[in-house]
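Hello,

I am passing on the structure we talked about, so please open it and keep it beside you while you read.

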Amino acid sequence: MLKGRDILSILDFKRNEIEHIFEVSNEMKKILEKGKSNLLEGKILATAFFEPSTRTKLSFETAMQRLGGSVIGFSEPSTSSIAKGENISDTIRMLDSYADIIVIRHRLEGVAKLAAEIANSPVINGGDGTHNHPTQSMIDLYTIWDKFEKIDGLNVCILGDLKYGRAAISFMYGLTLFDPKKVFLVSPQLLKIRQEVRDFLKSTGLNIYETESLEEVLSDCDVLYVTRIQKERFPDPTEYEKVKGSYRINIEILKNAKDDLIILHPLPRIDEIDMNVDYTKYAYYFKQAANGVPVRMALLSLLLGAIE
Ligand code: NCD
């Protein structure tokens, strides 16, 4: 069903396809418990990271290696011929001729789409500017589904930089494929969702409620998705100074939380979640990051046609 497909946006997928990815991710977890498999033996993944990454790049690499495949690529464009002035199209053409599947991250929106137009191999968007980060959303949704066995009917709160955070925005897009009860969007005024995102979410019938106060909604939440302020994306550094440190999850705030609330965060965390919270039953962000491996194993296997 997914063989040969590109992954550019979570909205390229239907709900039943996402649910299929969840089921296959469960199978991949079983493989991980046993050690590894040779499902993708002989296959090569190319990673082209023009922006910093820890989890996305390393979990894709782990996923490929756990399935018996191998990895080429770069994470520091200054060590590739891009530093000599080579254009992205030529770089992609080369990767396409060396590898069977490509993951690309770039600060500009649309670069993954351009890569997909050039390459014959499947292209996975590992994050393009402030827009899409579809595999992160799949991991986020999978983590919720894994815990609650559903996404429908839950109250989900997304906190933080909803203006520039591609993980947060992609997650909202992903939620439109399901039927959550309410989606609370909590942010300082300066970091509210962009109008085009608001228009889209409303057009899908997603039940959103925007507020600046976490206290107002926290006690109703099943999922609290916290995000980092995307300092590097602010056109004006004085705007960043105005919102820096404006929200922080600590034990005190959580005293009103539901018993089975889960806290997610795409990571990296700066100061938005106190380290003490890591030791509470609510902390799910490290489990979420670990889920990056089975979900990406599922995606590589499906896109390369090793499983249906
Ligand atoms: C996110 C990203 O790069 O968009 N990180 C990730 O992939 N886990 C979130 C972020 O950088 O804040």
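At what angle do helix H1 (residues 15-34) and H11 pack? The angle is about 110 degrees, and the two axes are 8 Å apart. That makes H1 roughly perpendicular to H11. Please keep in mind that this is a predicted model.

Sorted by class, the residues where H1 meets H11 are 12 nonpolar, three polar and one charged. The crossing of H1 past H11 is right-handed.

H11 also packs with another helix. Helix H2 (residues 55-66) meets helix H11 (residues 292-303) at an angle of about 60 degrees, and their axes lie 8 Å apart. H2 and H11 are therefore oblique to each other, and their crossing is right-handed. On the H2 side, the contact is made by Arg55, Thr56, Ser59, Phe60, Thr62, Ala63, Met64 and Arg66. On the H11 side, you will find Gly292, Val293, Arg296, Met297 and Leu300. The contact of H2 with H11 counts six nonpolar, four polar and three charged residues.

Next, have a look at helix H5 (residues 134-148) and helix H6 (residues 166-175). Their axes come within 8 Å and cross at roughly 60 degrees, which means that H5 is oblique to H6. This crossing of H5 and H6 is right-handed. H5 contributes Pro134, Gln136, Ser137, Asp140, Leu141 and Ile144, while H6 contributes Ala167, Ser170, Phe171, Gly174 and Leu175. Between H5 and H6, the contact has six nonpolar, four polar and one charged residues.

Finally, the cysteines. How many disulfides does a search of the whole structure find? The search finds zero. Cys157 is in no disulfide, and the nearest cysteine sulfur to its own, that of Cys221, is 4.3 Å away. A disulfide would need the two sulfur atoms within 2.5 Å. Cys221 is likewise in no disulfide, with the sulfur of Cys157 as its nearest cysteine sulfur. Are these two residues buried or exposed? Cys157 is buried, with a relative accessible area of 0%, and Cys221 is buried too, also at 0%.

Happy exploring, and do write back with any questions!

Best wishes

How values were computed. Residues numbered from 1 in each chain as written. Predicted model: local features only at pLDDT ≥ 70, side-chain atom pairs only at ≥ 80, totals over all residues. Heavy atoms only, no water. Axes fitted to C-alpha atoms, helices over the stretch in contact; angles between N-to-C directions. Helix = DSSP H or I, 4+ residues; strand = E, 2+ residues; numbered from the N terminus. Parallel < 35°, antiparallel > 145°, perpendicular 65-115°, else oblique. Left-handed = near helix turned anticlockwise from the far one by under 90°. Contact = heavy atoms within 4.5 Å. Nonpolar A, V, L, I, M, F, W, Y, C, P; charged D, E, K, R; others polar. Buried < 20%, exposed > 50% of the residue type's maximum accessible area, 1.4 Å probe, protein only.
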